[in-house]
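Here is a short report on backbone geometry and a ligand shell. The model comes first, then the notes.

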Amino acid sequence: MTKFIIMCRGILSTFASAIALGGNQNAARGMETQARLQTNMVLRFAHLVWNAALRAIIDMCRAMILHIRSAPSTSGPPRAHPVRRETAPKLILTYFDAPGIAQATRNALDYGDIEFQDHRITREDFDAIKSDLPYGKVPVLTIGNDEIKIAQSKAILRYASKLSRTYSSDPVDAAIIDQWTELHTEFTSLLAINMYPDEYGLVGVYDKEEHRQYLVKTHIPRYLAILENDLDGADDENWLGGMDAMSMADIVWHQTLESMNQGTLDGFDPNMLASFPLVRKYLDEVSAQLSCKSVYADADDDGDTQTSDADGDGDSHTSDTDGTETRKMK
Ligand SMILES: N[C@@H](CCC(=O)N[C@@H](CS)C(=O)NCC(=O)O)C(=O)O
């Protein structure tokens with residue numbers, strides 16, 4: 001559009017100059033005056049066209065900005081604007097009929113009251129669809145009308161958490177949540193190797209029992225101590241990374257800790273949490289929180305948050321009883 005206007009302006013001014021030049025070459029006075037009049041008219045016309053075009057461009061930009069601003073978004077100050085059932089896209093979560101690495105996503109979606117189809121498949125079903133899956137594995141999240149398939153449990157969880165407001169739109173908070181979530185990946189990778197050594201090509205060269213002893217005596221206590229240390233020092237509700245609300249990091253750790261505590265983690269002693277009282281308490285807190293719906297799932301459409309502004313400065317705060325402020329998830 002801009003190019004077109006510049007081109008028109010060029011043609012018009014060349015035309016005007018040509019007329020002006022022609023006028024100069026003509027010695028007759030009458031002709032000169034006429035040419036000048038014509039030049040003025042052409043220039044005035046060009047000016048009008050130019051102004052109209054500029055106005056159209058400005059209106060177009062303004063309309064585009066308004067459109068972008070009014071479009072529903074999962075970023076911005078999102079915690080006040082939950083994605084409601086009617087606005088979230090159609091979601092199908094495909095995984096085996098077990099908690100495994102999909103349960104955290106199921107929990108996050110349930111917590112945010114986000115509707116999804118919990119598609120639980122058998123091994124036979126899996127074999128039949130394997131070649132259609134992005135990396136030949138589950139879980140897979142199908143978004144919309146079968147067009148987008150997302151693999152990798154943590155990528156799926158992060159997407160689900162954006163919908164359910166258990167992630168953050170603040171880059172620093174998001175990085176802190178990611179940090180705790182990646183720590184979970186690091187922790188569980190070794191457990192997975194021990195449980196399924198064949199899948200990691202460790203047939204014949206791997207002493208499963210010896211490795212398990214290493215996990216029980218060194219690996220698991222090391223990571224539980226990291227959690228215990230982070231949870232130490234805060235009162236009441238306590239979320240990883242000092243967040244003021246439960247995040248995806250809490251949801252994903254909860255799933256693994258719960259399996260350990262219930263003795264469903266293949267071959268591991270359920271009493272492993274006994275020496276980590278804060279982690280044990282934290283597990284109960286996350287379980288309790290997950291059994292409620294997110295407060296944001298019921299937030300008003302007016303976008304009011306339910307955090308407090310006790311000092312009336314216009315900012316919402318969450319304070320511990322000792323007055324320490326926790327990080328606000330935005
Ligand atoms: N890194 C992947 C791992 C996916 C994965 O290994 N999925 C397993 C189930 S937990 C699977 O599809 N196994 C079937 C097979 O490989 O035949 C993730 O986090 O999603």
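## Conventions

Helices (H or I, at least four residues) and strands (E, at least two) are DSSP runs, numbered from the N terminus. Residues are numbered from 1 along each chain as its sequence is written. The model is predicted: local features need pLDDT of at least 70, side-chain atom pairs count only at pLDDT 80 or more, and totals for chains, interfaces and linings use all residues.

## A cis peptide bond

Most residues other than glycine have a negative phi, and most peptide bonds are trans. The bond between Val-138 and Pro-139 is cis, with omega about 10 degrees. Pro-139 sits in the loop between helix 4 (123-129) and strand 3 (140-143).

## Positive phi

Asp-113 has a positive phi, near 60 degrees. Its place is the loop between helix 3 (103-111) and strand 2 (117-121). Asp-113 counts as partly exposed because it has 18 C-beta neighbours inside 10 Å. On this scale, 20 or more other C-beta atoms within 10 Å make a residue buried, 12 or fewer exposed, and counts in between partly exposed; C-beta atoms are placed from the backbone.

Gln-152 also has a positive phi, near 75 degrees. Gln-152 lies in the loop between strand 4 (148-151) and helix 5 (153-164). With 15 C-beta neighbours inside 10 Å, Gln-152 is partly exposed.

## The ligand shell

Which residues are around the ligand? They are Gly-100, Ile-101, Lys-137, Val-138, Pro-139, Gln-152, Ser-153 and Lys-154.

By class, the shell has three nonpolar, three polar and two charged residues. Ala, Val, Leu, Ile, Met, Phe, Trp, Tyr, Cys and Pro count as nonpolar; Asp, Glu, Lys and Arg count as charged; the others, Gly among them, count as polar.

Technical notes:
A residue is near a molecule or strand if its C-beta atom, placed from the backbone, lies within 6 Å of it.
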